[in-house]
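Visitor: I would like to learn how to read a structure like this one. Could you walk me through a few features?

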There are 2 protein chains.
Amino acid sequence: MARLDPARRRKAVDVARGRAPADLVLTNVRLVNTLTGEIYPAQVAIAAGVVAAVLRPCDGVPAAEVVDGGGRYVVPGLVDSHLHIESTMVLPPAFAAVVVPRGVLTVIADPHEIANVMGTAGVELMAEASRGLPLDVFLQVPSCVPATTLETAGAELEPGLVGALLAREEMLALGEVMDFHAVLAQEGRVAEVLREALRRGAVVEGHAPGLSGRDLAAYVAAGVTSDHTFVTPELAVERLRSGVTLQLQMKSLTPETIRAAAQLARSLNLCLVTDDVMPDDLMTRGHLDHVLRVAVARGLDPVEALRAATLAPARRMGLEDRGAIAPGRLAHLVLTSSLEEFRAEAVFHAGRLVAAAGELTVPLPAWSPPAASLQTVRIPPPPPEAFRVPAPGSAAAVTVRVIEMQPQSTYTAPGTARLGVRSGVVEWESSDLCLAAVFERHGRAGTVGYGFVRGALRQGAVATTWAHDSHNLLVVGRSAAEMAAAARWVVEAGGGMAAVRGGEVLGAVRLPVAGIVSDRPVSEVAAELAQYRRALEALGFVHDSPIMALGVLTLPVSPALKLTDRGLVDVQAGRIVPLIIE
Amino acid sequence: MARLDPARRRKAVDVARGRAPADLVLTNVRLVNTLTGEIYPAQVAIAAGVVAAVLRPCDGVPAAEVVDGGGRYVVPGLVDSHLHIESTMVLPPAFAAVVVPRGVLTVIADPHEIANVMGTAGVELMAEASRGLPLDVFLQVPSCVPATTLETAGAELEPGLVGALLAREEMLALGEVMDFHAVLAQEGRVAEVLREALRRGAVVEGHAPGLSGRDLAAYVAAGVTSDHTFVTPELAVERLRSGVTLQLQMKSLTPETIRAAAQLARSLNLCLVTDDVMPDDLMTRGHLDHVLRVAVARGLDPVEALRAATLAPARRMGLEDRGAIAPGRLAHLVLTSSLEEFRAEAVFHAGRLVAAAGELTVPLPAWSPPAASLQTVRIPPPPPEAFRVPAPGSAAAVTVRVIEMQPQSTYTAPGTARLGVRSGVVEWESSDLCLAAVFERHGRAGTVGYGFVRGALRQGAVATTWAHDSHNLLVVGRSAAEMAAAARWVVEAGGGMAAVRGGEVLGAVRLPVAGIVSDRPVSEVAAELAQYRRALEALGFVHDSPIMALGVLTLPVSPALKLTDRGLVDVQAGRIVPLIIE
């Protein structure tokens, strides 16, 4: 990845002083200065990948190459301070191939999905896969492996390991601390990890859905300094006032929240982030560039939006070598004709043209995932009998807890239902509910958790190992036979997602790397995913964000009732609750 | 000094959650939020010296102690990111006794004056003298020991030593890099020191008087990121655009510069700093609180001014634990009735009341300087013969270079004069010029530099070891006899300043610690200094800032013609030039 170093600086100083010709001069551009909020005509002289000087349009400057910007805006390369590359279901090279042409040149990614499967080997995999790309991939050290004590992940990153990773140059922060119960309790693995990070002076990323008042104060006092979860205007204001960097992602970009945040974000405390972007959304809408466009369309001043997507995230992450176009900063530059309809028309990574007109102009290094990363589903396909839920005692019916899905949110609501019992087994197939089962698949605990879901499929079954954050095997369906069939497909593929009706696989996505990521280009994964989305629709699952809704059904830090391999989790209470109430 | 630590955090979290009573609750205050720019009624709950939570006025909160703010504003303790404590001519405890009651609770001081005399022992002295104070004294590691190769300082801080010091927790930055020629040349001690600091990721303080255009770009590209020297509106704009943190001190606080800077300083890139404050100014006007008042009086929005004196400098120096009143930040708080006429009416350091109504309310630890620091003038008093300037050849007159003092600036202008020669000696005593002589006094080189000065004394002589930055013995006068007398007083005092007319010492300041600092309270030094000022006036020296004008006559990085123990320095050219032209 590109960083400033003494050799680059030396060359830049010489060029600034006029002692050597620039490698490249970008002329006839309108410079968007994220430091001052100004826009003015300029020339940018580049040496050794660094901005050596910003000159007036009339200044003469000797250069090996001159590029005429055609009067377009030049803005800093976009910086995404909170995302999980794994959410795009591809490896960093394939990810770079799509985001670099969109103007994203720096990401600070939390690899906690793959780390939850493979531990430090997963973090290493992401670091190695990122080498030599025209995209600077910095990493956050996952704090949440596992995310909570209420699930079984594939690995555990102990405080000492987290500390050792944080000492590495490309590791810029502690990844989102999601278990706020553990933070506030100040005991156990998460609290120790947090202390280790703070001792090292690391930036600590947060995840504080809905947290407010004294709980928020306690969370912040504990050392967490950002939040990227959904916020209302009120929650946004409270976060900014508390010294929390507000990281707005798509779902928080309402005109009201933007208005509230923009008024108060006068301390580089507002960032735009992507968090999780699906491969098909990535292909069709874009990445941080899309968030930027939406933010502007919904009322954020274009220059403020750019600052929130460049300087503010760079500063938060201690990357003083980027985020603005100024002497001694990396020449990560994007040319665009419009700040409102931001499209990256030419992209320079450390002064090198790497993309134009939406296409890469440079080859990417070849990289293949190690064999061990392709063998992470360590259970046999669960048979139909695995989807029987025993009922205790001799009652003819039981009251069960139900996860109520919300068609417009990935949060769920808690509910109940009355189900019949025959021969000691709950008769759920004849109800309008789905059964959900989570099988620990890392070869560690062998545990299975069961729950009932309302508002998911009307028929058939789905199975997925892309199930936050432990990525165990989640199976949801209307019949044991179809659930077993869907699960079999996923297990045999080494990971992925499958939607089944009767004996037929209607749609499926192969994700063989750690069971959550493909080793193919985004376009291929997106095509499979599109087919899978249609299959979900065919099975009667209507949701604004169906993949994510299923994928976080297992996330025990996202409200309100979730399911892990250990059982049903009451997220607010932070504990496992029984499936059968009476 | 107060820092956040796990124990403080733990207590703050418990109090925020309501699991333990607060140590102190500040009620009935209007909180000035430097993060958002807002002012609103609040209560501040404090635990273990940390803000645990900011609560609404109506919230109930159990506390060991309640302080009613009487509806006053509560603002963060002031943070001064660029100053030299030695300029106040007192040691840190005496300095704290004056600035803490004025609301200054954090300083990041560059001890380069004392380091130029004593080397690392001087840095250690400042660190040790600062322990246990209700003022957090962080240090910058002086980059300029010596400031240039054009003078002889008492020590040299080599790159390795600078690196070792930067590794220490209380050392937050590389002190101002003053020799821009050395920076741009990219070779020699200064360039190596800079590289060492950048390698360690240290913040690098600048000193770039008048630097502009490509030279400024080169200086910034080399890694320097602030400037506190005098700026015009144009220079201010250029610095902000270039990613330089603008540190405005008194002399830059014109309404025009404030207006220009305020429009563009949207990235925490504007700080208010004191740099050098004389002891009498410190007593009568104040410190950073005075700069704050002047900035507001001249047009800076009061909340922006506060941000520039709290959050912005704290952020620049990586002190995320202060600069705002928010959970998990140190309870460094100041109560004041007016933001326009800012006066610190009550001052809390880490939650403890340390000053009220302009007076300390806590005792300061006793501290005495080590014996070695009191024996740093290592030359005998120069005799009258030392003030003879030989003329080469046999001409009856010579043309000499003249340092033209400017009555309203510490910058000088270059000039010339024609002086007679008798018996091979320049006849300056009968002219209207002063002779200036700089004697290396550290017992190292034994060198003497001579120059002529116009616009200084009309009669008598002055001598001083308070002569930036090498603090050699500067003697300026109208006769050799009076110069010898003034010099004798200073040498025998172990350092200080003396003004002599005929055989009489009209005024003098004893500065026995390193020859530049007193071990007495500010009030006593200020009284001596006032008498010395009157003596300068009596000798016909009329200047807006007479002490500083003399003290930087020896500073070879401040325009335009200066004098060191090596000779006359053409600052622009960065080299020694001959005294006698022809």
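Visitor: Let me start with one residue: is Pro142(A) buried or exposed?

Guide: Welcome! This is a predicted model, in which local features need pLDDT of at least 70 and side-chain atom pairs count only at pLDDT 80 or more, while totals for chains, interfaces and linings use all residues. Residues are numbered from 1 along each chain as its sequence is written, chains are lettered from A and ligands numbered from 1 in the order in which they are written, and side-chain values use heavy atoms, leaving out hydrogens and water. Buried means under 20% relative accessible area, exposed over 50%, and partly exposed in between, with a 1.4 Å probe and protein chains only. Pro142(A) has a relative accessibility of 0% and counts as buried.

Visitor: Where is Pro142(A) found, and with which residues is it in contact?

Guide: Helices (H or I, at least four residues) and strands (E, at least two) are DSSP runs, numbered from the N terminus. Pro142(A) is in the loop between strand 8 (136–141) and helix 5 (159–166) of chain A. Contact means heavy atoms within 4.5 Å. Setting aside neighbours within four places in sequence, the contacts of Pro142(A) include Asp110(A), His112(A), Leu157(A) and Val162(A).

Visitor: How do I read a sheet, and in what order do the 9 strands of chain B stand?

Guide: In general, strands of a sheet pair through backbone hydrogen bonds, either parallel or antiparallel. Here two strands pair if DSSP finds at least two bridges between them. In chain B, 9 strands make an open sheet with mixed pairing, in the order 20-19-18-22-21-24-23-25-26. Strand 20 (425–426) and strand 26 (504–510) of chain B are at the edges with a single partner strand each, so one side of each has no neighbour in the sheet. Strand 19 (residues 409–422) of chain B pairs with strand 20 of chain B in the antiparallel sense, over 2 bridges, and Val421(B) stands opposite Val426(B) of strand 20.

Visitor: Which strands of chain B does helix 15 touch?

Guide: Helix 15 (residues 480–492) of chain B packs on the sheet and touches strand 21 (434–439), strand 23 (461–464), strand 24 (473–477), strand 25 (496–501) and strand 26 of chain B. Helix 16 (residues 522–538) of chain B also packs on the sheet, touching strand 23, strand 25 and strand 26 of chain B.

Visitor: How many aromatic pairs are there over all chains?

Guide: Rings of Phe, Tyr and Trp (its six-membered ring) pair if their centres lie within 6.5 Å; planes under 30 degrees apart count as stacked, over 60 as edge-to-face and the rest as tilted. The count over all chains is 2. One of them joins Phe387(A) and Phe439(A), edge-to-face, at 5.5 Å centre to centre and 80° between the planes. Phe387(A) is buried at 1% relative accessible area, and Phe439(A) is buried at 7%. Phe387(B) and Phe439(B) also form an edge-to-face pair. Phe387(B) lies in the loop between strand 17 (359–360) and strand 18 (397–406) of chain B and Phe439(B) in strand 21 of chain B, so the pair ties together parts 52 residues apart in sequence.

Visitor: What rotation superposes chain B on chain A?

Guide: Copies are superposed by least squares on the C-alpha atoms of residues with pLDDT of at least 70 in both. A rotation of 180° with 0.0 Å of shift along its axis superposes chain B on chain A, with an RMSD of 0.1 Å. The two copies are therefore related as by a two-fold rotation axis.

Terms used
Axes are lines fitted to C-alpha atoms, for helices over the stretch in contact, and angles run from 0 to 180 degrees between N-to-C directions.
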